[in-house]
Amino acid sequence: MKAQTTQQVILQAIAIERDRQDEKWGADRTLPWGDWSLILGEEVGELQRAMLESRFAENQIAALDHIITEAVQVAAVAVALVEDARRRIEGAPGVEDVAR
């Protein structure tokens, strides 16, 4: 069996986080764009905080793990936003699929 690439491992982590989000908040969410902006901004803020705190962390491995966790959450929220946009496109007559 071929070993997974780093990118495959990361994409799998994002997919797992998306599943976790769906379990927590429900699948197929359609939110106002302002809500998506707030959610994504909050996640980016958590990532920024983890990055800042890593500068002073004694345990750099743990700090990097925290950065990875927060970055995966940012990516998963971005994926959820794209999923919402695609559902809107698929549900709107006469709108081309511009999200490819």
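Predicted model: local features only at pLDDT ≥ 70, side-chain atom pairs only at ≥ 80, totals over all residues.
Residues are numbered from 1 along each chain as its sequence is written, and side-chain values use heavy atoms, with hydrogens and water left out.

View 1. Axes are lines fitted to C-alpha atoms over the stretch in contact, and angles run from 0 to 180 degrees between N-to-C directions. The crossing is right-handed, meaning that the near helix is turned clockwise from the far one by less than a right angle. The contact (heavy atoms within 4.5 Å) involves Ala13, Ile14, Glu17, Arg18 and Gln21 of α1, together with residues of α3 including Val72, Ala76 and Glu83. By class, eight of the contact residues are nonpolar, two polar and three charged, where Ala, Val, Leu, Ile, Met, Phe, Trp, Tyr, Cys and Pro count as nonpolar, Asp, Glu, Lys and Arg as charged, and the others, Gly among them, as polar.

**View 2. Packing of helices α2 and α3.** The axes of α2 and α3 lie 8 Å apart at an angle of about 165°. This makes α2 roughly antiparallel to α3, a term used for angles over 145 degrees. Their crossing is left-handed, and the contact has 17 nonpolar, four polar and six charged residues.

**View 3. The largest pocket.** The largest pocket, with a volume of about 200 Å³, is lined by Arg20, Gln21, Lys24, Trp25, Arg29, Leu31, Trp36, Ile39, Glu43 and Val77. Helix α1 gives the most to this lining, with four residues, and the lining has five nonpolar, one polar and four charged residues. On a 1 Å grid over the protein atoms alone, a pocket is an open set of points with protein on both sides within 12 Å along at least five of seven lines, a cavity is a set where a 1.4 Å probe fits but cannot get out, and lining residues have an atom within 4 Å of a point.

**View 4. The largest cavity.** The structure holds one cavity of 30 Å³ or more, and the largest cavity has a volume of about 40 Å³, a volume being the space filled by probe spheres set on grid points joined across faces, edges and corners. Among its lining residues are Arg18, Asp22, Trp36 and Arg87, and six of the lining residues are charged.

Terms used. Helix = DSSP H or I, 4+ residues; strand = E, 2+ residues; numbered from the N terminus. Parallel < 35°, antiparallel > 145°, perpendicular 65-115°, else oblique.
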